[in-house]
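Take a look at the model first. Then we can go through it by question and answer.

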Amino acid sequence: MIKTAILTMSDKGSKGERIDVTGPSIRSAIENNGFVIEYYKIIPDELEMIVDELKYLCDELKVDLVFTNGGTGFSQRDVTPEATQMVIQKYVPGIGEAMRLKSLEITPKAMLSRAIAGIRNKTLIVNLPGSPKAAIENLEVIMPALPHGIEILIGTGGECAR
Ligand SMILES: Nc1ncnc2c1ncn2[C@@H]1O[C@H](COP(=O)(O)OP(=O)(O)OP(=O)(O)O)[C@@H](O)[C@H]1O
Ligand SMILES: Nc1nc2c(c(=O)[nH]1)N[C@H]1C(S)=C(S)[C@@H](COP(=O)(O)O)O[C@H]1N2
């Protein structure tokens, strides 16, 4: 079982002005698929809050995987990739590259997501875009490779086929 946290970055959602559809969509897409959701929270697009949450999830709760959603675009308040960059020790460029490459087959707007992924200690952090459609499309791209990477990261296996 992969211990997973879902962190929704949404100014409107955190103020109760919009129901978070994306966080629960991610949950239902991965639950019962070898992933167990240990944490879910909606927070505003505030750099320091995001950094603190990510550190808590990696260092205290020690989840294997964090999916962030929202705050990857061009608006002034979009700072999720910057917060992620501040806490990771290793950058995993292939995850963002794959999400954008495959998503460009769906919409040219895919290039507007600045999502990144990286590792802090034994936790993988993956940024997903904010809309439910975009988040699930991006998630579907990376799902086939994620369990293998996490097994290697947490040391429970992960033999690469030769
Ligand atoms: N958590 C969410 N749940 C449902 N829909 C969302 C969510 N996040 C984003 N969306 C949808 O995707 C669109 C683009 O997302 P974006 O993050 O740019 O919106 P926003 O209104 O600036 O976000 P917010 O105020 O929530 O930070 C939104 O207008 C909304 O329709
Ligand atoms: N697969 C996919 N990726 C996508 C989209 C989409 O509809 N499908 N929307 C894009 C759009 S319109 C934006 S602005 C960026 C950033 O989204 P965010 O600011 O909500 O994080 O994700 C992009 N990535």
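Predicted model: local features only at pLDDT ≥ 70, side-chain atom pairs only at ≥ 80, totals over all residues.

**Strands, helices and ligand shells**

Reader: What is the strand order of the open sheet?
Author: Six strands make up the open sheet, with mixed pairing. The edge strands, each pairing on one side only, are β2 (35–43) and β4 (90–91). The order is β2-β1-β3-β6-β5-β4.

Reader: Which residue of β5 faces Y91?
Author: β4 and β5 (residues 117–120) run antiparallel and are joined by two bridges. Y91 has its opposite number in β5. That residue is G118.

Reader: What angle does α3 make with β2?
Author: Helix α3 (residues 47–60) packs on the sheet and touches β1 (2–9), β2, β3 (65–69), β5 and β6 (123–128). Contact means C-beta atoms, placed from the backbone, within 7 Å. Axes are lines fitted to C-alpha atoms, for helices over the stretch in contact, and angles run from 0 to 180 degrees between N-to-C directions. The direction of α3 makes an angle with that of β2 of about 160°.

Reader: And what angle does α4 make with β6?
Author: Helix α4 (residues 80–87) also packs on the sheet. The strands touched by α4 are β1, β3, β5 and β6. Its direction and that of β6 make an angle of about 165°.

Reader: Is β3 enclosed or open to the outside?
Author: L65, F67 and N69 point one way from β3, and V66 and T68 the other. A residue is buried if 20 or more other C-beta atoms lie within 10 Å of its own, exposed if 12 or fewer, and partly exposed in between, with C-beta atoms placed from the backbone. Five of the five residues of β3 are buried, so β3 is largely enclosed.

Reader: What is the bridge partner of V66 in β6?
Author: β3 and β6 run parallel. Five bridges join them. The partner of V66 in β6 is I125.

Reader: Where does N121 lie, and what is its phi?
Author: β5 and β6 pair in the antiparallel sense over four bridges. N121 lies in the loop between β5 and β6, and with 12 C-beta neighbours inside 10 Å it counts as exposed. Most residues other than glycine have a negative phi. The phi of N121 is positive, near 50°.

Reader: Which helix gives the largest share of the shell around ligand 2?
Author: The shell has 19 residues, the closest being T72, G73, S103, G130 and A134; a residue counts if its C-beta atom, placed from the backbone, lies within 6 Å. By class there are five nonpolar, 10 polar and four charged residues. Ala, Val, Leu, Ile, Met, Phe, Trp, Tyr, Cys and Pro count as nonpolar, Asp, Glu, Lys and Arg as charged, and the others, Gly among them, as polar. Four residues, the largest share, come from residues 132–142, helix α6.

Reader: Which helix gives the largest share around ligand 1?
Author: Here 16 residues form the shell, and the closest are S10, D11, K12, G130 and S131. They divide into two nonpolar, nine polar and five charged. Three residues, the largest share, come from residues 11–14, helix α1.

Reader: How far apart are the C-alpha atoms of C160 and R77?
Author: C160 is found in the segment after α7 (146–154). C160 is exposed, with 6 other C-beta atoms within 10 Å. Along the chain, C160 and R77 are 83 residues apart. Their C-alpha atoms are separated by 40 Å.

Notes
Residues numbered from 1 in each chain as written. Chains lettered and ligands numbered in written order. Pairing = 2+ DSSP bridges. Contact = placed C-beta atoms within 7 Å.
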